[in-house]
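The following note sets out points for a colleague reviewing this model. Please read the numbered remarks alongside the sequence and coordinates.

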Amino acid sequence: MMTIDLCHADNRRVLPMLAEAGAQFDVCFADGPYFLSGGGQSCSGGKRSKVDKGDWDKPREVAAIAEFTAQWADLVCGLLSDNGTLWSSGTHHNFSALCYGVQSIGYRVLKRSSGSDATFV
């Protein structure tokens, strides 16, 4: 029987609790911050809309973004099964930070297509 649990929270708080409980999982999908909430505007449904999502999505220094990404990726990878998979959404705004963060904890980019897809091993 397959069990699916969804957590909508700051994974840097939830994952240590799961580790203490001995949890392990085969798949993790993360939709982390894109660091775009800098007071800008976008177009949604033909109308102007703010892109501010909250303090958690405000732009940071590059080093802080890399540290944040490495921190959550390390927590996730520590709980993955031997054949586990980490999926993370992203755009060109945060893709390089994701690559850097995952590489900084010992993974390497195995494949990167012309878009924003990458495979880490």
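1. pLDDT is the predictor's confidence in each residue, on a scale from 0 to 100. The protein chain of this predicted model averages a pLDDT of 81, and 89% of the residues score at least 70. Helices (H or I, at least four residues) and strands (E, at least two) are DSSP runs, numbered from the N terminus. Confidence in the protein chain is highest in helix 1, at 89, and lowest in strand 6 (residues 118–120), at a mean of 56.

2. Residues are numbered from 1 along each chain as its sequence is written. Local features need pLDDT of at least 70, side-chain atom pairs count only at pLDDT 80 or more, totals for chains, interfaces and linings use all residues, and side-chain values use heavy atoms, without hydrogens and water.

3. Helix 1 (residues 11–20) packs with helix 2 (residues 62–79) at an angle of about 25 degrees, their axes being 10 Å apart. Axes are lines fitted to C-alpha atoms, for helices over the stretch in contact, and angles run from 0 to 180 degrees between N-to-C directions. Helix 1 and helix 2 are therefore roughly parallel to each other (angles under 35 degrees count as roughly parallel, over 145 as roughly antiparallel, 65 to 115 as roughly perpendicular and the rest as oblique).

4. In contact (heavy atoms within 4.5 Å), N11, R12, L15, P16, L18 and A19 of helix 1 meet F68, Q71, W72, L75, V76 and L79 of helix 2.

5. T69 lies in helix 2. At 6% relative accessibility, T69 counts as buried (under 20% relative accessible area; exposed is over 50%, partly exposed in between, with a 1.4 Å probe and protein chains only). Not counting residues up to four places away in sequence, T69 touches A97, L98 and G101. In helix 3 (residues 95–104), the buried residues include A97, L98 and G101.
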